[in-house]
Amino acid sequence: MPVFRESAKVVFSVTGPAELVAVDNGDLTSSEPYDNHAMHMYHGSVSTVIRLTGEQGRVELFSVSEGMDTARLVMNVI
């Protein structure tokens, strides 16, 4: 469920044949770096970009934020 006023810090991690490339929250006034693994939400939103390594396998993307449930996305790369 979206929490539109939330601004908590979200930390991303990935396992498998992929790597984190960038994070963004859509806030044009933010000075947080894009090439990090964490960023504060802006109006309840934050996103990440991952790059596949070209190998096959199971990729798991995790996002963790204090006071919120951990999210996990699983992709099978073939």
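The side chains of arginine 72 and glutamate 60 meet in a salt bridge, with N and O 3.0 Å apart, where a salt bridge is a side-chain nitrogen of Lys or Arg within 4 Å of a carboxyl oxygen of Asp or Glu. This pair links distant parts of the chain, since arginine 72 lies in strand β6 and glutamate 60 in strand β5, twelve residues apart; strands here are DSSP runs (E, at least two residues), numbered from the N terminus. The model is predicted, so that local features need pLDDT of at least 70 and side-chain atom pairs count only at pLDDT 80 or more, whereas totals for chains, interfaces and linings use all residues. Residues are numbered from 1 along each chain as its sequence is written, and side-chain values use heavy atoms, with hydrogens and water left out.

By this rule there are three salt bridges, listed here.

| Pair | Closest N to O |
|---|---|
| Arginine 58 and glutamate 60 | 3.8 Å |
| Arginine 51 and glutamate 19 | 2.7 Å |

Arg58, Glu60 and Arg72 are linked in a network of salt bridges.

Four strands form an open sheet in the order β3-β1-β5-β6, with antiparallel pairing, two strands being paired if DSSP finds at least two bridges between them. The edge strands, each pairing on one side only, are β3 (38-40) and β6 (71-77). Three bridges join β1 (residues 9-15) to β3, and valine 11 stands opposite alanine 38 in β3.

Strands β1 and β5 (57-64) each supply at least two residues of the lining of the largest pocket. A pocket is an open set of points on a 1 Å grid over the protein atoms alone, with protein on both sides within 12 Å along at least five of seven lines, and lining residues have an atom within 4 Å of a point. The largest pocket is lined by 14 residues, of which Val10, Met41, Ser63, Met68 and Ala71 lie nearest its centre.

Elsewhere, serine 31 is placed in the loop between β2 (18-24) and β3, and serine 31 counts as exposed because its relative accessibility is 73%.

Note on methods:
On a 1 Å grid over the protein atoms alone, a cavity is a set of points where a 1.4 Å probe fits but cannot get out, and a pocket is an open set with protein on both sides within 12 Å along at least five of seven lines; lining residues have an atom within 4 Å of a point. Buried means under 20% relative accessible area, exposed over 50%, partly exposed in between (1.4 Å probe, protein chains only).
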